[in-house]
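Let's take a walk through this protein chain together. Keep the sequence and the 3D view open as you read.

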Amino acid sequence: MLRNGETGDWIGTFEGHKGAVWSSCVDTNALRAASASADFSAKLWDALTGDELHSFEHKHIVRACAFSEDTHLLLTGGVEKILFIFDLNRLDAAPIEVGHSPGSVRTVAWLHSDQTILSSCSDTNGVRLWDLRSGKIFQTLETKLPVTSAEVSQDGRYITTADGSTVKFWDANHFGLVKSYNMPCNVESASLEPRHGNKFIAGGEDMRVHLFDFHTGEELGCNKGHHGPVHCVRFSPGGESYASGSEDGTIRIWQTGPVTCEENDPLPGNGPSRKVKAVADEVARKIESGLVIGKQGKTGERDKAVA
């Protein structure tokens with residue numbers, strides 16, 4: 001499902017998977033989307049029309065997917081314990097197998113101008129860094145528990161990880177541990193504010209989204225509203241807001257700022273007053289020019305969609 005990053009409004013639904021969708025992403029140009037599913041496939045979509053462009057078949061559940069920075073490659077990983085790279089300019093070509101992971105792949109990401117791949121496992125501690133040229137692991141970021149979330153900061157300086165009740169920040173170039181903070185509960189996900197890098201958020205089993213000072217680890221506030229564990233949190237690219245996804249079946253958008261658990265509520269339907277420069281906004285602008293994703297994933301006139 002595609003929604004506006006500023007308001008949360010529904011834009012369209014990508015229909016085609018026959019199993020749970022574990023991961024999804026949009027490329028940097030907001031033209032294509034990808035999804036990883038329990039139906040043993042990863043799919044490539046036209047982000048403007050909702051059309052399925054290709055289905056990449058796997059032999060087991062696919063848990064993670066990520067577009068390369070140049071948008072020409074799609075990285076996938078899952079229960080097969082293999083990292084696959086698909087060439088999006090040659091959709092029918094066989095994928096490149098980067099290497100065999102020590103466990104079931106949970107997260108994947110690109111860094112160093114698409115020369116390095118990051119992955120973590122559901123059943124193995126640590127984060128592995130792979131050299132794309134050799135297909136081998138050259139560095140492991142050691143953690144005490146399996147890493148449930150790994151994010152490369154927008155400026156490429158830090159890798160943010162969550163394992164157990166700890167959020168860690170690593171130097172993305174030299175791979176040393178920069179900061180490590182204990183959280184109030186076991187956390188599933190963490191994200192660093194992208195514009196200034198002075199705050200981070202974390203969410204987990206206590207059903208709240210916590211906001212912290214990056215430099216000191218001091219809790220600046222937290223957000224109540226979910227009725228189940230929080231499985232994913234991410235800042236918008238502009239940093240004015242952040243989103244949280246929960247086991248309660250909802251995604252909530254919150255405004256960045258120092259708030260307390262008692263006083264904060266989720267944003268109203270119109271979202272933050274200042275424009276959030278999220279990737280979805282680019283899709284929304286294109287839709288304003290006449291394209292819209294319909295329920296069957298087809299392009300239609302804007303006035304017909306409204307009707």
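What follows looks at model confidence, then a few strands, then a single serine.

What you have here is a predicted model, where local features need pLDDT of at least 70, side-chain atom pairs count only at pLDDT 80 or more, and totals for chains, interfaces and linings use all residues. Residues are numbered from 1 along each chain as its sequence is written, and side-chain values use heavy atoms, with hydrogens and water left out.

First, confidence. pLDDT is the predictor's confidence in each residue, from 0 to 100. The chain has a mean pLDDT of 86, with 83% of its residues at 70 or more. Residues 259–280 stay under 50, and the model gives them 54 contacts beyond four places in sequence (a contact means heavy atoms within 4.5 Å). Residues 287–307 are also below 50, with 38 contacts beyond near neighbours in sequence.

Because 6 of its 6 residues are buried, β20 is largely enclosed by the rest of the structure; buried means under 20% relative accessible area, with a 1.4 Å probe and protein chains only. In a regular strand the side chains alternate between the two faces of the sheet. Here Lys-199, Ile-201 and Gly-203 point one way, while Phe-200, Ala-202 and Gly-204 point the other.

β20 has antiparallel partners in β19 and β21. Two strands pair if DSSP finds at least two bridges between them.

Elsewhere, four strands make an open antiparallel sheet in the order β3-β4-β5-β6. β3 (21–26) and β6 (52–57) are at the edges with a single partner strand each, so one side of each has no neighbour in the sheet. Inside that sheet, β4 (residues 32–37) and β5 (residues 41–46) are joined by 5 bridges, and Ala-33 has Trp-45 in β5 as its bridge partner.

Finally, is Ser-119 buried or exposed? This residue, part of strand β12 (residues 116–121), counts as buried because its relative accessibility is 0%. Its side chain makes a polar contact with the side chain of Trp-130 at 2.9 Å. (A polar contact is a pair of N or O atoms within 3.5 Å; within protein, one must be able to donate a hydrogen and the other to accept it, and residues adjacent in sequence count only if both atoms are side-chain atoms.) Leaving out residues up to four places away in sequence, Ser-119 touches several others, including Leu-83, Thr-107 and Val-127.

Definitions and conventions. Helices (H or I, at least four residues) and strands (E, at least two) are DSSP runs, numbered from the N terminus. Buried means under 20% relative accessible area, exposed over 50%, partly exposed in between (1.4 Å probe, protein chains only).
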